[in-house]
Amino acid sequence: MSDPDWYATGRSHVWLPYTQMKTARAPLPVVAAQGVRMQLADGRELVDGISSWWSTVHGYRHPHIEQALRRQLEVLPHVMLGGLAHEQAWRLAQRLASLAPGDLNHVFFSDSGSVAVEVAMKMAAQFWLNQGQRRVKFLCFRGGYHGDTFATMSVCDPDEGMHSLFKGALLEQVVVDLPRTPEDEAALAVLIDQHRGELAGIVVEPLVQGAGGMVFHEPETLRALRRLADAHDLLLIFDEIFVGLGRLGDAMFASEIAGVQPDIMTLSKALTGGTLPLAATIASARIYEAFLSDDPMAALMHGPTYMGNAMGCAAANASLDLFEREPRLAQAKAIGAQLEHVLAPARDVPGVRDVRVRGAIGVIQLDATAPADQLSAACIARGVWLRPFRDILYTTPPLVIGQDDLTHVGNVMVEAVREWSMTARR
Ligand SMILES: *Cc1c(COP(=O)(O)O)cnc(C)c1O
């Protein structure tokens, strides 16, 4: 079967993400998707092992979300949020506030994860500015990833975070290793004290650092950060864009698993079940109230054109319905248990450094930067879509994936790694 017309004619005009356009393999044309499967133009089917960048948690074309979108399209696809209100955004804000831990009750909508983190940083900095304190820097962590815009690049890992070229052009933050022991916590307290008066807050991906390398840490680390934030009067920002909304299985949010309430939390990725771009920055009462004033300049001066988009909010409301009606958390836990089992044989493959699973995230880490292209091609040849990076081959499947498909995804990962180990690795 030949490539579709649109593919050939658009090909030299689309600039792809994270891609060296000179040397990259041609992207695969997808013509349809259903459940956990994508259909390619040449008729092949691939099981989506990474849920389209961790978003399609209910699978593609879930009828409940589609129905909500169709209904919304006929009533009100979009209206600006400046000065106007609409039902879907109002309902979604109320639902997110009641789901989010503690008094995280105030929801600012935007259209991408990076912007949600930008807004969180802006809120935190202005929280202090509104009180006459110029504290605009952040404490953040090696291995962290928070987005690709200028402010979010500054809180990513400065070397591994894909943005090292921009060193010197970015805001300078205080970047440290995550504290994993009481000694680490004590050392960090000293460092924070040295930066007294300039730090606005701490930005962290709770429990799993995703795009920075799928590295896990324990709830105690988050409790230590909460203690440090309280002791030094810093705001704590949890970027739950990857792990939030059920990915970890034990609860909807990492903050609940750790029993730690942040001051600000960001959500995106799975928020609309992978159908439309939408993000939320959710602030506590203390943060929100610091913006209430008779001075118009004390307001949060931010407002993406498409914020609170009605189609996006309708999709998110439908996605939250599914989390309520269907056993997504139990499914995520079951995926974890099954991945432990299916990925285990990779431990014995020469060149494999680590195999780890948390919630519905399964990771095989290799001892060297593997040729991601080769690993990816090996998986595609076996009917599974995965997108390895650096030394990491991972799966974050749709939470609705069936046992047979998941076994297949896991087996394919192990086979791809075996093949790499036997042929390419020297
Ligand atoms: C993906 C991601 C972002 C950025 O979201 P975009 O929608 O890609 O801008 C930010 N933080 C974390 C933890 C992410 O995983």
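How much area is buried between domain 1 and domain 2, and what percentage of that area do carbon and sulfur atoms give? Here are my notes, with that one answered in point 3.

1. Some ground rules before you dig in. This is a predicted model, where local features need pLDDT of at least 70, side-chain atom pairs count only at pLDDT 80 or more, and totals for chains, interfaces and linings use all residues. Residues are numbered from 1 along each chain as its sequence is written, and side-chain values use heavy atoms, with hydrogens and water left out.

2. Start with the overall layout. The chain is split into domain 1 (6-58 + 327-424) and domain 2 (64-325); such bounds come from an automatic or database domain assignment. Taken over C-alpha atoms, the two centres are 27 Å apart.

3. Domain 1 and domain 2 bury about 2500 Å² between them, and carbon and sulfur atoms give 63% of that. (Buried area is the accessible area, with a 1.4 Å probe, that two parts lose on being put together, summed over both.) Look up Trp-54, His-58 and Arg-358: they supply 30% of the area that domain 1 buries against domain 2, more than any other three residues.

4. Who touches whom? On the domain 1 side 27 residues are in contact with 32 residues of domain 2, where contact means heavy atoms within 4.5 Å.

5. Arg-358 turns up again in a salt bridge with Glu-218, at 3.0 Å from N to O. There are two salt bridges between domain 1 and domain 2 (a side-chain nitrogen of Lys or Arg within 4 Å of a carboxyl oxygen of Asp or Glu). Across the same interface, 13 residue pairs are in polar contact, both residues at pLDDT 80 or more. A polar contact is a pair of N or O atoms within 3.5 Å; within protein, one must be able to donate a hydrogen and the other to accept it, and residues adjacent in sequence count only if both atoms are side-chain atoms.

6. Which elements give two or more residues to the side of domain 1 that touches domain 2? They are α2 (51-54), α12 (328-343), β13 (352-358), β14 (361-366) and β16 (392-395). The largest share, four residues, comes from α12. Helices (H or I, at least four residues) and strands (E, at least two) are DSSP runs, numbered from the N terminus.

7. Next, find the open sheet of four strands, ordered β1-β2-β3-β15 with mixed pairing. β1 (30-34) and β15 (384-385) are at the edges with a single partner strand each, so one side of each has no neighbour in the sheet. Two strands pair if DSSP finds at least two bridges between them.

8. Walk through the sheet pair by pair. β1 and β2 are antiparallel over four bridges, with Val-30 opposite Leu-40. β2 (residues 37-40) and β3 (residues 45-48) are antiparallel over three bridges; here Arg-37 stands opposite Val-47, and Gln-39 has Glu-45 as its bridge partner. β3 and β15 run parallel over two bridges, where Val-47 is partnered by Val-384.

9. Finally, check the glycines in the hairpins. Gly-35 has a positive phi near 60° in the β1 and β2 hairpin, with two residues between the strands. In the β2 and β3 hairpin, with four residues between the strands, Gly-43 has a positive phi near 95°.
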